[in-house]
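Here's a quick briefing to read alongside the model. Have the viewer open and follow along by topic.

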Amino acid sequence: MLAAYADKLDADDPLAGLVVGERPDPQPPQGWTTVRLRASALNHHDLWSLRGVGLTADKLPMVLGCDGAGVDEEGNEVVVHAVVSTDDHRGDETLDPGRSLLSERYDGTLADLVAVPRRNLVLKPAELSWEEAACLPTAWLTAYRMLFTQSGVQPGSTVLVQGAGGGVATALVALGRAAGYRVWVTSRDEAKRARALELGADAAFESGVRLPERVDAVMETVGAATWEHSLRSLRQGGTVVVSGATGGAQAVSDLRRVFFLQLRVVGSTMGTRDELERLMRMCVQTGVRPVVDTTLPLEEARTGFERLSGGEAFGKVVLTRPA
Ligand SMILES: NC(=O)c1ccc[n+]([C@@H]2O[C@H](COP(=O)([O-])OP(=O)(O)OC[C@H]3O[C@@H](n4cnc5c(N)ncnc54)[C@H](OP(=O)(O)O)[C@@H]3O)[C@@H](O)[C@H]2O)c1
């Protein structure tokens, strides 16, 4: 089968280890099934993997990709849930200490075929295209959980999204807006601020500027570069939900601000299969759809990776396969 895979790891030059070429078809173990993919989407996670974060050299070669939608062995149109929990785990699979994401321990979705546990398949609503459905399992699911499970703030609240252009950030804007939050964004880039406003953000600010008023919650995926601003922007008792650290993971906090203002710092990772089902239903109910930056055939995966690593993308980069 054709696949985009990591052949070596390089912390400084992640694309040096990216290969688009032939890999053996998967041999699903018992309880697993094979999905013939129609579309996959890139995530920052794939760049982290190529850098050797979350992926070790002894696992190579590893097919990359967490996001995918396709047709299962019975002919059902399905979306693949990327969190693989251990067989005996019950409850929220993101809290399973033994869980992994596709492409960390098991081959991922940037391929013709992917093997996954049967329980990881969710039926694709007919209203979503292959490209749209393929965007949902990672960045969009993460955004859904950050907003609706972890933030604790209700519609009508003001939510600040840091780094407007990212896959998670664009999902936060679209979902937050659809659910009735007042959504503010920051970006270093004027064009991305304008795009975020088109997408439904209520206001867009340059990264780091003082906001007109304090917000109820901040959605953080940038990390060290925006962390201090996130804490400074929160009202008393406000919540920062953090799920990523593209701009550095070692952030400094003034703890006095955290305890005097009784701020809540909440981590968030991916989401559950149930949340993925609800996210898809929300897309159907509200008409909200993933923001697709670029669609390319899998053969041109390198071009998509270059767009992602160059920080040029606004929304998701999708890779497609013919029927
Ligand atoms: N925990 C989880 O389950 C989970 C799931 C999905 C993603 N993530 C993580 O979340 C992060 C975002 O992922 P993504 O796919 O949405 O990706 P992304 O494309 O990496 O997001 C990039 C955005 O981050 C901002 N940014 C990057 N470096 C910055 C810096 N030095 N200063 C200020 N802003 C900076 C940029 O905003 P502007 O250019 O607009 O300023 C850019 O639009 C990644 O680190 C990813 O690993 C975690």
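What is the strand order of the open sheet of 3 strands, and is its pairing parallel or antiparallel? The order is β2-β1-β4, and the pairing is antiparallel. Before going on, a bit of housekeeping: this is a predicted model, so local features need pLDDT of at least 70, side-chain atom pairs count only at pLDDT 80 or more, and totals for chains, interfaces and linings use all residues. Residues are numbered from 1 along each chain as its sequence is written, and side-chain values use heavy atoms, with hydrogens and water left out.

- Strands here are DSSP runs of E with at least two residues, helices are runs of H or I with at least four, and both are numbered from the N terminus.
- Two strands count as paired if DSSP finds at least two bridges between them; β1 (residues 2-6) and β4 pair in the antiparallel sense over 2 bridges.
- Look for Ala-6, whose bridge partner in β4 is Met-62.

**The 6-strand sheet**
- This open sheet runs β13-β12-β11-β14-β15-β16, with parallel pairing.
- Its edge strands are β13 (203-206) and β16 (264-267), each pairing on one side only.
- On average, neighbouring strands of this sheet are turned by 20° against each other, direction ignored.
- β12 (residues 182-187) pairs with β13 in the parallel sense over 4 bridges, and Thr-186 has Phe-205 in β13 as its bridge partner.
- Helix α5 (residues 190-199) packs on the sheet and touches β12 and β13, where contact means heavy atoms within 4.5 Å.
- The direction of α5 makes about 165° with that of β13; axes are lines fitted to C-alpha atoms (for helices, over the stretch in contact), and angles run from 0 to 180 degrees between N-to-C directions.

**Helix α1 against helix α9**
- The axes of α1 (residues 44-51) and α9 (residues 301-309) come within 10 Å and cross at roughly 95°.
- That makes α1 roughly perpendicular to α9 (65 to 115 degrees; under 35 is roughly parallel, over 145 roughly antiparallel, and the rest oblique).
- On the α1 side the contact uses His-44, Asp-46, Leu-47 and Leu-50, and on the α9 side Phe-305, Leu-308 and Ser-309.
- Those residues divide into 4 nonpolar, 2 polar and 1 charged (nonpolar: Ala, Val, Leu, Ile, Met, Phe, Trp, Tyr, Cys and Pro; charged: Asp, Glu, Lys and Arg; polar: the others, Gly among them).

**Cysteines**
- There are 0 disulfides, a disulfide being a pair of cysteine sulfur atoms within 2.5 Å.
- For Cys-66, the closest cysteine sulfur is in Cys-135, 13 Å away and too far for a bond.
- For Cys-135, the closest is in Cys-283, at 9.9 Å, again too far for a bond.
- Cys-66 is buried at a relative accessible area of 0%, and Cys-135 is buried at 0% too (buried means under 20%, exposed over 50%, partly exposed in between, with a 1.4 Å probe and protein chains only).

**Two loop residues**
- Thr-221 lies in the loop between β14 (215-220) and α6 (224-233), and counts as buried at 13% relative accessibility.
- Leaving aside neighbours within four places in sequence, Thr-221 has contacts including Met-146, Gln-162 and Ser-243.
- Gln-250 lies in the loop between β15 (234-242) and α7 (255-260), and is exposed, with a relative accessible area of 72%.
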